[in-house]
Amino acid sequence: MSVAAMEALSASPTEVARVLSPGGVEAWHVPSEVVPLVALAFTFEGGAAQDPDEKPGVAQMLARLLDEGAGPYSSDAFQERLAARAIELSFNAGPDAVGGSLKTLVRHVDEALELLRLALAEPRFDADAIERVRAQTIAGLRYQQNDPGVMASRRFFEEAFPGHPYGRPSGGTVESVAAISRDDLVALHGKAIAQGRAKIAAVGAIGPGPLALALDQVFGTLPEPAPLAAVPATRIAGRGTRHVVDIDVPQSVIRFGTDGVSWRDPDFIPAYVLNHILGGGAFTSRLFQEVREKRGLAYSVGTSLVSYRGAAMTWGYTATKNERVGEALAVIEAEMARLKDEGPTDEELQKAKDYLTGSYALGFDTSTKIAHQLAQVAFEGLGIDYIARRNALVAAVTQDDIRRAADRTIGDGRLLVVVAGRPTGLA
Amino acid sequence: MPDVTGAATLRTEAAPFRQTEGGGPEVFSFTLDNGLDVVVVPDRRVPVVTHMIWYRNGSADDPVGQSGIAHFLEHLMFKGTNRHPAGEFSQVVSALGGQENAFTSFDYTAYFQRVAREHLETMMGFEADRMTGLVLDEAVVGPERDVVLEERRMRVETDPAAQLSEAMAAALFVHHPYGTPIIGWMHEIEGLNREHALTYYRRFYTPENAILVVAGDVAPDEVRRLAEDSYGRVTPFGERPLRRRPREPEPRAARHLAVADPKVEQPTLQRLYLVPSSRTGDGRDSAALELLAEMLGGGPTSYFYRKLVMERGLAVNAGAWYMGSSIDDTRFSVYAVPGQGISLEDLEDAVDATLKAIPAEALDADSLERAKTRLVAETIYSTDSQSSLARIYGSALAIGETIEEVRRWPADIEAVTKDDLARVAERFLVPPRSVTGYLCKTAA
């Protein structure tokens, strides 16, 4: 099974070429002429963790304003140019990065690249656009204000990273977004959207020559970067504590977390395999079986590894009716303890590795997915051969590796738990 | 995991019939002796296949009093057969590095796996086995019903906006089951049992009622051979089960309703119109409605956004969508989110004024061209994803369209004229066909 999967993977996405422009801009490239489109993904170092302490939300607002007018074009003129050619351009902001993607039909690639260049290099931040995006952002925050999932997550990050940028709501608050000024946006733009800050991937019907020229055109003319604020390394706080956000709903949303392992850490792959066994995204995980299949406690339950520049965490989620919150948490904690103490069976470990190696290729079946995966691998500094190497890393994981990963993640089993709802029977 | 195709997903399915310019992807189709329809969409770029089985029954075919049974059965379909006990199929999919899921919509139910190409035969074997071989233990039915109840709590019971959507659909469809939520009403889900599920299963899960779609790194001949060896062995029922769908009466009353909840901090305005679908519309009506939704409400260059957000500042967002892919008459939606200090009543007046001006203001040649370009380009973008192609063809056939109709869709869009747009707007976007909903805050 693994052999076949490796062969499957030896198709296009492992044949990643490095393209270096005359001006020194690098991109990872997977050419393909089958579909007449070009997909680009890029990630600039410097995200919401760079927001001023008292003004969370700047990075996300910046991401929403880049396509709201640039160069000679006002917001509506810019959007009309995109729409008239069905060019899809979008930006987003995470804790550590401002990223984006571009998708275009081949026949409009020149226009698409020029609009991307303008959005990155010459966003206008016109007053009317800022006010419109501000109003939209505040409306979005109000819309989610009493959503139990959003409230649980927000409180979870506050408790996990108190006083740290990762503890702030990256989308901001109604008050902070109201206070964001044009200067705040310009300042972050100057730090993040700059020479040498971006990791870039290109997929589709564009050759290396034209791509190299495009790289210089779009990314090579960006200004020299202003320094980013250092984001201190930290780890999850509050393990062993439980917090309730009171909200009048019949079902409680539960978030739980403990230590994790960074993607750049040599133990990441063992921790990733362990996480798959515990609560990864398949019907076979222990939490899915114990919480959902056997007991009908929840529709969704799972865990994932969170890897930031300055912190790593194992993060879990579920939702169950208020009366069963105590039971759900007891099952989750017992399963984590059992996995830590007894480890997975050899068969369970083998099946997890088979799944993870076999399914890796499924993440590479569209141009956009390939571009995003490559940009992320580049952003994490894992090397251009990572995609080719990754399945061998998974296949090599031993029970010893799993035990080490369990020590570093599940550890003593104490969890930070946040519940949003009206739970009953919580100790 | 088993999933309800809710309104949000259906919105993206509103324009499903896409193809590339100049003919689109190669598509092959044939029918097995037992009546199973098969569609093959080769995509040779990655050695992966998407294997889907579609059944021509959805929540709108739920028996009266058993709302949610289509969706509940979809969950129970993972509970095993005589040949393969509970969990085995999922474990095999997982061990092969595959991914699987299922979803229920108003008009169909579908199951799929994505696997490396050499595992297609294994998937077909399991899927054909559970077409008629499902075994339900009382012991698994109860916990799974609890799972569905938790799913409903998560999607609806904790979310006032979802409650408004349900109430509006129930008001729009005064007679047709599209007014009942796919997941079912809480009190009826609580009463669903093993017998309901098996009776429903025996009625609808037959080869004649199913469509097999395989997209990916395969040849049509190979799919035919594998399908004959697996699905081909399933005994036919004799004829395709009938769907008995009542027709909506001609609507006469403009309806207004509100969901007021102390949790609501941001009010919104929603409007639904009862309109023809791709199956019930005359001539170019459905294509025109598709384009009209794009021109009125498809993003920041749309007419509503320009008028209500950019020019008048009454809304922070505004848009429209059309759920064209339906067997029976369907919904066209207009929505707006008011700016700070703007009442829903004032916003509704502005929406109505904007709608009145459609023929005179909204339908300029540039906007029409832009909307056509965007819709047709989506058909090209969709060819980049074998999963999208499989869904496009599967959903079309499941509602009774033909492959030819799917392939003709871009041409149908191109053929729409300004007069068509004005005609459908005037005929269908009228108060008697509408339900208007307010989401607003009450005192705690």
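Guide: A residue is called buried if 20 or more other C-beta atoms lie within 10 Å of its own, exposed if 12 or fewer do, and partly exposed in between. Please also keep in mind that this is a predicted model.

Visitor: Is B:R233 buried, exposed or partly exposed?
Guide: B:R233 is found in the loop between α9 (220-229) and β8 (255-260) of chain B, and its C-alpha atom is separated by 9.6 Å from that of B:P207, 26 residues apart along the chain. There are 13 other C-beta atoms within 10 Å of B:R233.

Visitor: Which residues of chain A does B:E157 touch?
Guide: B:E157 has its place in helix α5 of chain B, and with 16 C-beta neighbours inside 10 Å it counts as partly exposed. Its C-alpha atom and that of B:M186, 29 residues apart along the chain, are separated by 9.1 Å. Not counting residues up to four places away in sequence, B:E157 touches B:R152 and, from chain A, A:P250 and A:Q251.

Visitor: Which element gives the most to the side of chain B that touches chain A?
Guide: The contact between the chains takes 57 residues from chain A and 50 residues from chain B. On the chain B side, the elements that give two or more residues include α3 (88-95), β6 (109-116), α5 (138-157) and α14 (365-382). By class, that side has 18 nonpolar, 17 polar and 15 charged residues. The element that gives the most, with 9 residues, is α5(B).

Visitor: Which element supplies the largest share of the side of domain 1 of chain A that touches domain 2 of chain A?
Guide: Chain A is divided into domain 1 (3-218) and domain 2 (242-421), whose C-alpha centres lie 27 Å apart. Their contact takes 41 residues from domain 1 and 35 residues from domain 2, and the domain 1 side has 27 nonpolar, 8 polar and 6 charged residues. Among the elements that each supply at least two residues of that side are α1 (2-9), β3 (37-45) and α6 (148-160) of chain A. The largest share, 9 residues, comes from α6(A).

Visitor: Which residues is B:Y393 in contact with, leaving aside its neighbours within four places in sequence?
Guide: With its neighbours within four places left aside, B:Y393 is in contact with B:V27, B:V39, B:V41, B:V213, B:I403 and B:V406.

Visitor: How are α13(A) and α15(A) oriented to each other?
Guide: A:K353, A:L356 and A:T357 in α13(A) meet A:N391, A:V394 and A:A395 in α15(A), a contact with 3 nonpolar, 2 polar and 1 charged residues. The axes of α13 (residues 346-359) and α15 (residues 386-395) of chain A come within 9 Å and cross at roughly 175°. Since angles over 145 degrees fall in that class, α13(A) and α15(A) are roughly antiparallel.

How values were computed. Residues are numbered from 1 along each chain as its sequence is written. Chains are lettered from A and ligands numbered from 1 in the order in which they are written. This is a predicted model: local features need pLDDT of at least 70, side-chain atom pairs count only at pLDDT 80 or more; totals for chains, interfaces and linings use all residues. Two residues are in contact if their C-beta atoms, placed from the backbone, lie within 7 Å. Helices (H or I, at least four residues) and strands (E, at least two) are DSSP runs, numbered from the N terminus. Ala, Val, Leu, Ile, Met, Phe, Trp, Tyr, Cys and Pro count as nonpolar, Asp, Glu, Lys and Arg as charged, and the others, Gly among them, as polar. Axes are lines fitted to C-alpha atoms, for helices over the stretch in contact, and angles run from 0 to 180 degrees between N-to-C directions. Angles under 35 degrees count as roughly parallel, over 145 as roughly antiparallel, 65 to 115 as roughly perpendicular and the rest as oblique. Domain bounds come from an automatic or database domain assignment.
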